[in-house]
Amino acid sequence: MLNTQLNTYPTEDILIDAIGDEHVGTSYDTPLREDAFLLDDATKIEMIEKHFKHIMEIMGLDLSDDSLKGTPKRVAKMYIKEIFSGLDPANKPDIKLFDNKYKYNQMLVEKNITLYSNCEHHFVPIIGKAHVAYISSGKVIGLSKLNRIVQYYAQRPQVQERLNIQIANELKRVLETEDVAVVIDAHHLCVSSRGIKDTQSSTITAEYGGKFLDMETRNEFLKYIG
Ligand SMILES: [Zn+2]
């Protein structure tokens with residue numbers, strides 16, 4: 001029994017390191033447990049607060065200090081209510097479709113959408129911009145809803161490739177068209193503040209559907225965001 005454990009742990013550690021440092025994602029859907037939403041937010045916050053306090057204590061921090069005392073609660077609330085609130089489908093933006101009254105049938109581009117996410121391998125920030133475009137199938141949505149869709153999927157522990165695909169898929173679904181493009185250009189703090197410590201590089205991912213697979217349409221989009 002003990003032998004098996006001794007044999008499996010090092011291999012697992014190597015795999016964990018390889019996935020984390022190479023930032024490889026394993027699926028398009030955010031890996032969630034089946035019981036992910038059995039607990040309510042208040043209970044989750046209470047439990048995370050306890051555990052985070054424990055982590056700080058293990059690191060030797062004195063939680064009786066006024067400045068540190070409130071940190072476990074602050075972190076717990078921030079996780080559930082802010083930076084990881086996009087895990088909960090209940091927080092998914094409700095999108096209303098409008099008729100495309102102006103019969104505007106060119107592409108609509110919203111560029112430089114502020115994007116804050118967190119890397120699921122290190123739980124440190126991913127900061128960047130998302131550029132999205134679609135060609136109306138007869139329906140349109142409010143511009144701020146594009147931001148909200150980006151924000152919702154960004155507020156999860158993420159891998160940039162998956163985030164890109166999740167945003168594109170949701171846009172296709174709500175806009176009832178395949179003619180969607182999403183480009184993300186982002187800095188990963190796990191690359192700049194730790195590890196290789198490269199502060200200059202950014203990572204670009206792109207997802208094109210429908211008419212955006214056509215070179216000319218895609219180039220027009222890239223010209224707008226360039
Ligand atoms: Zn990372």
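Which domains does the domain assignment of the chain give? The assignment, which is automatic or taken from a database, gives domain 1 (2-91) and domain 2 (98-225). Residues are numbered from 1 along each chain as its sequence is written. The model is predicted: local features need pLDDT of at least 70, side-chain atom pairs count only at pLDDT 80 or more, and totals for chains, interfaces and linings use all residues.

The centres of the two domains, taken over C-alpha atoms, are 26 Å apart. Contact (C-beta atoms, placed from the backbone, within 7 Å) joins 13 residues of domain 1 to 14 residues of domain 2. On the domain 1 side, helix α1 (residues 2-22) gives the most, with 3 residues.

Helices are DSSP runs (H or I, at least four residues) and strands are E runs of at least two, numbered from the N terminus.

Buried residues (20 or more other C-beta atoms within 10 Å of their own, C-beta atoms being placed from the backbone) of α4 are Pro72, Ala76, Tyr79 and Ile80; their cover includes α2 (41-58). In α5, the buried residues include Leu146, Ile149 and Tyr153, and β2 (107-119) and α6 (160-175) are among the elements covering the buried residues.

Note on methods. A residue is buried if 20 or more other C-beta atoms lie within 10 Å of its own, exposed if 12 or fewer, and partly exposed in between; C-beta atoms are placed from the backbone. Two residues are in contact if their C-beta atoms, placed from the backbone, lie within 7 Å.
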